[in-house]
Structure formats: structure tokens, C-alpha cells
Amino acid sequence: MSATATGLELYTRTADDAAAAVINRYSTSFALACRLLGPRPRPHVRNIYALVRVADEIVDGPAHDAGLSPAQERATLDALENEVRDAIASGFSANLVVHAFARTARECGIGDDLIAPFFASMRTDLDTAAHDDASHDAYVYGSAEVVGLMCLQVFLNAGMSEPARPAADLVDGARRLGAAFQDVNFLRDLDDDATRLGRDYLDGAADDDRRTAVLDRIDADLAAAAATVPFLPPDCRRAVTAAHDLFAELSRRLRRTPAGAPRVRVPDAVKATLAVRAFLGRPPKGAHA
């Protein structure tokens, strides 16, 4: 966009900036990985994650803290979903984050096959406290795997005249990377999810054997996703590698940290090292490396 943008062009630029501000405020790690994306996919990935964050905040506490009842939270989430669909159809929303996401969806071919499962999983958080393996898998598909698929649509289609369908191996890699990210965060937030939100996503993963099984699944998903990174467009590989390696490091630290310990984090110096490694074009690391 030009420096003298006006009208819709200026509004869209402002919407993209608003989405970037959401991510910079909520996730320094994700913001760092985004900076490793090329300028073609970068704003679109930010637009996706900003919308995801807004939806998360409706169901994960801030809406409740503002005084909304469960019924009002559901109505707010439903309204956001409807607004997203309307904006994709029309190309405009008065909500800057929704406008930014709609621009990305229209350009990159993100359709209702990905949007509907995402909002269905967000809605699950309003009425499901404990998950078994089947409901966990359904929840993770909608809350994380489809987000990976949305990003894959961006990686392949941003700036293209017509969106293309991704290859099956890239679809599998995107889904498994999203699932690994989600399960890592479930393990990191096990106590907070239980005490603050009253939720159990992992069916008793505080148990050592169950925790080990979840970590084994995470590491298998990370390995499968890593194998597909070389087939992504070059301007996306560094960022995906950095994100992958951050979560592989978190998995490694979770293995040596007992359940109930303070939330596992990666020190900033280690994050910077991983980012430099990815910037230099190194392949994704294994969780035990």
C-alpha cells in the first residue's frame, strides 16, 4: 500500500495495524516468529491470530470479568462469527480485526470449512468442562488444527490471483503442528485451566503416565510437521521453523518438569537463539535435541 493511502486502502492498512497490535500485546513469542515471515504472508498471519485471540478472550475470562453471563458470552461469540461471515461476503467490517481477517480470508481462500469448526470449538469452552479422547480431538481440530490450515492457505496463496488447494502432506503437517502447539499449551496451563476455568482438556494429564503419553504424541506431531517445512514457500520456512523449535523446546522442558510446577517458559535468550538459528535457514530441531 502507498504511503498516501486513502479510503478503503487506508482503512485496510489501519485494520492490519490493529491486528498486529493485538498479537504484539498478547504474545511476544508469536510476534517474534511473525517477524521471520516475508512481507507477503506476514500481515495475513497476524490477521488470523488477532481474530483467534479475540474469540479466545470471549470464552477465556475477560468477557466474564466484564460482567457478561454465559448466555451473553455465547451471544457475543455468535455475533462475532456472523460478523466474520458477513465481512467475508461484503469485504468490509466496522470491527478492525474482523475487517483484517476478512481481507485475508478473501485473498487466501479461507472458507467456512475452516471458520465454522473454529467457532464450534470456541463455543465448546462455554459448556464443556472435561474432555475425553474423542472430544479432545474434536476440540483441538477446531481450535488449533484449522488455524494451522488457515496459515497454510496464507503461505500458499497470499498475493496470488487465485487460491490453490494445498497438497495432502502439507495439510497433514499444518494440522499436526497446530495440534502439538495446543497440547503443549494444555500441559503448560494444566493448573490454571483447572483452577481458574474449571476445565480439563487432557483427561487427567497430571498423572505421570498420561502426561508422558501426551508428550509422546506432541513429539510425534512435531516430527511429522518438521518433515513438511522444506516444502513450504521460502518466505515462510524460517518463521515456521522458529515456532516449531520453540514448542519443541517447551516439550523438552515439560518432560523434565513435574506436574504442578510453575508454568514452563523458554527464557528470552533461548528464544533469541532459536530465532537466529531459524533465520540462518537451519532445519527444525527435534524435541530431544
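**Entry 1: P283**

I started with P283, which I found in the segment after α13 (268–279). A reminder to myself: this is a predicted model. Is P283 buried or exposed? Its relative accessibility comes to 53%, and the cut-off for exposed is over 50%, so P283 counts as exposed. I then listed what P283 touches, leaving out residues up to four places away in sequence: T241, D245 and R277. I also checked P283 against L77, which is 206 residues away along the chain, and their C-alpha atoms are separated by 39 Å.

**Entry 2: H99**

Next I looked up H99, which sits in helix α6 (residues 96–108). With a relative accessibility of 3%, H99 counts as buried, because the cut-off is under 20%. Which residues does H99 touch, not counting those up to four places away in sequence? I noted L8, Y11, T12, A15, G91, F92 and S93.

**Entry 3: the core**

Then I turned to the largest nonpolar core and found 81 residues in it. I48, F101, F118 and F155 have the most contacts inside this core. Which helix gives the core its largest share? That is α8 (residues 133–157), with 11 residues. A general point I keep in mind is that nonpolar side chains tend to be buried together in soluble globular proteins.

Setting aside neighbours within four places in sequence, I48 is in contact with F101, T104, I110, V147, M150, C151 and V154.

**Entry 4: α8 against α9**

By class, the contact of α8 with α9 has 12 nonpolar, 5 polar and 3 charged residues. Among those on the α8 side are H136, Y139, E145 and L156, and the α9 side includes L170, R175, D183 and F186.

**Entry 5: α1 against α3**

My last stop was helix α1 (residues 7–26) with helix α3 (residues 42–59). How do their axes cross? I found that they come within 8 Å and cross at roughly 65°. The crossing of α1 with α3 is left-handed. From α1, the contact uses D16, A19, A20, V22, I23 and Y26. From α3, I wrote down P43, R46, N47, Y49, A50, R53 and E57. By class, this contact has 8 nonpolar, 1 polar and 4 charged residues.

Methods
Residues are numbered from 1 along each chain as its sequence is written. This is a predicted model: local features need pLDDT of at least 70, side-chain atom pairs count only at pLDDT 80 or more; totals for chains, interfaces and linings use all residues. Side-chain values use heavy atoms; hydrogens and water are left out. A nonpolar core is a set of buried Ala, Val, Leu, Ile, Met, Phe, Trp, Tyr and Cys residues joined through side-chain atoms within 4.5 Å. Buried means under 20% relative accessible area, exposed over 50%, partly exposed in between (1.4 Å probe, protein chains only). Helices (H or I, at least four residues) and strands (E, at least two) are DSSP runs, numbered from the N terminus. Contact means heavy atoms within 4.5 Å. Ala, Val, Leu, Ile, Met, Phe, Trp, Tyr, Cys and Pro count as nonpolar, Asp, Glu, Lys and Arg as charged, and the others, Gly among them, as polar. Axes are lines fitted to C-alpha atoms, for helices over the stretch in contact, and angles run from 0 to 180 degrees between N-to-C directions. A crossing is left-handed if the near helix is turned anticlockwise from the far one by less than a right angle, and right-handed if clockwise.
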